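This report describes a single protein chain. Read it with the sequence and the coordinates open.

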Amino acid sequence: MGLFDGALGDVAGSLLGGKGGDAQELVGGLLKQFGGQGGANNGLLAAAMALVQQMGGLDGLIAKFQAGGLGDVVQSWVGTGANSALSGAQLEQVLGRDTLAQVASQAGMAPAEASSGLAKLLPEVVHQLTPGGAVPANSGALVQSVLGMLKR
């Protein structure tokens, strides 16, 4: 794990109650899986984190999926079991075409590519940011910190 991953894990550790080792693995794993230090998906990961922030944090994103008829799907991401799959069409149904176009623009990719990538990425982002199967009370601060680290 690189210096960047370790620093992000330290930030997450302080925000998740001082469990630095667990948080470092959690956030470091997310970066390694979906972007690392400038990988091809780094822009999409940053755009996904910005989307979570724009939706009002994890609680807002979860509420959006529940209102869109995908409450069971999003709850699987929060829970400790396997994540339910999400399709690009389901994502568009919940978020809307304009929001997906905005994510694509932020990520620097075509809308179809962003939709497909985000459909794979978002379940894991939510899962990783909800350790223990619950949204942390300070999830907004965690999202903001992760987003800040990704933009550096």
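## Overall organisation

From the N terminus on, the elements of this predicted protein model run α-α-α-α-α-α-α-α-α. The protein has nine helices and zero strands; helices (H or I, at least four residues) and strands (E, at least two) are DSSP runs, numbered from the N terminus. Residues are numbered from 1 along each chain as its sequence is written.

Of the 152 residues in the protein, 47% are buried. Buried means under 20% relative accessible area, exposed over 50%, and partly exposed in between (1.4 Å probe, protein chains only). Among contacts between residues at least 6 apart in sequence, 67% join residues at least 24 apart; a contact means heavy atoms within 4.5 Å.

## Confidence

The mean pLDDT of the protein is 78, and 70% of its residues reach 70 or more. The pLDDT is the predictor's confidence in each residue, from 0 to 100. Confidence is lowest in helix α1 (residues 3–15), with a mean of 44, and highest in α5, with 95. Over residues 1–16 the pLDDT stays under 50, and the model has 41 contacts beyond four places in sequence for this stretch. Residues 18–24 also have pLDDT below 50, with 15 contacts in the model beyond near neighbours in sequence. Where pLDDT is low, the predicted coordinates should not be read in detail.

## Helix α3

Helix α3 covers residues 42–54, which is 13 residues. From its first C-alpha to its last it reaches 18 Å, close to the 18 Å expected at 1.5 Å a residue; the expected span is 1.5 Å times one less than the number of residues. Because 10 of its 13 residues are buried, α3 is largely enclosed by the rest of the structure. The buried residues include Leu-44, Leu-45, Leu-51 and Val-52, together with a run from Ala-46 through Ala-47 and Ala-48 to Met-49 and Ala-50. Asn-42 is also one of the buried residues of α3.

Met-49 lies in helix α3 and is buried, with a relative accessible area of 0%. After α3 comes Gly-56, whose phi is positive, near 95°.

Helix α5 (residues 71–78) is largely enclosed by the rest of the structure, because six of its eight residues are buried. These are Gly-71, Val-73, Val-74, Ser-76, Trp-77 and Val-78. Which helices do the buried residues of α5 pack against? They pack against α4 (57–67) and α8 (111–128).

There is one aromatic pair, where rings of Phe, Tyr and Trp (its six-membered ring) pair if their centres lie within 6.5 Å, and planes under 30 degrees apart count as stacked, over 60 as edge-to-face and the rest as tilted. The ring centres of Phe-65 and Trp-77 are 5.2 Å apart and the planes stand at 70°, so the pair is edge-to-face. Phe-65 is in helix α4 and Trp-77 in helix α5, so the pair ties together parts that are 12 residues apart in sequence. Both Phe-65 and Trp-77 are buried.

The structure holds one salt bridge, defined as a side-chain nitrogen of Lys or Arg within 4 Å of a carboxyl oxygen of Asp or Glu. It joins Glu-92 and Arg-97, with the closest N and O atoms 2.9 Å apart.

Lys-120 lies in helix α8, and its C-alpha is separated by 8.8 Å from that of Gly-88, 32 residues away along the chain. Gln-128 also lies in helix α8. The side chain of Gln-128 makes a polar contact of 2.5 Å with the side chain of Glu-124. A polar contact is a pair of N or O atoms within 3.5 Å; within protein, one must be able to donate a hydrogen and the other to accept it, and residues adjacent in sequence count only if both atoms are side-chain atoms.

| Residue | Relative accessibility | Class |
|---|---|---|
| Glu-92 | 30% | partly exposed |
| Arg-97 | 62% | exposed |
| Lys-120 | 60% | exposed |
| Gln-128 | 17% | buried |

Methods
Predicted model: local features only at pLDDT ≥ 70, side-chain atom pairs only at ≥ 80, totals over all residues. Heavy atoms only, no water.
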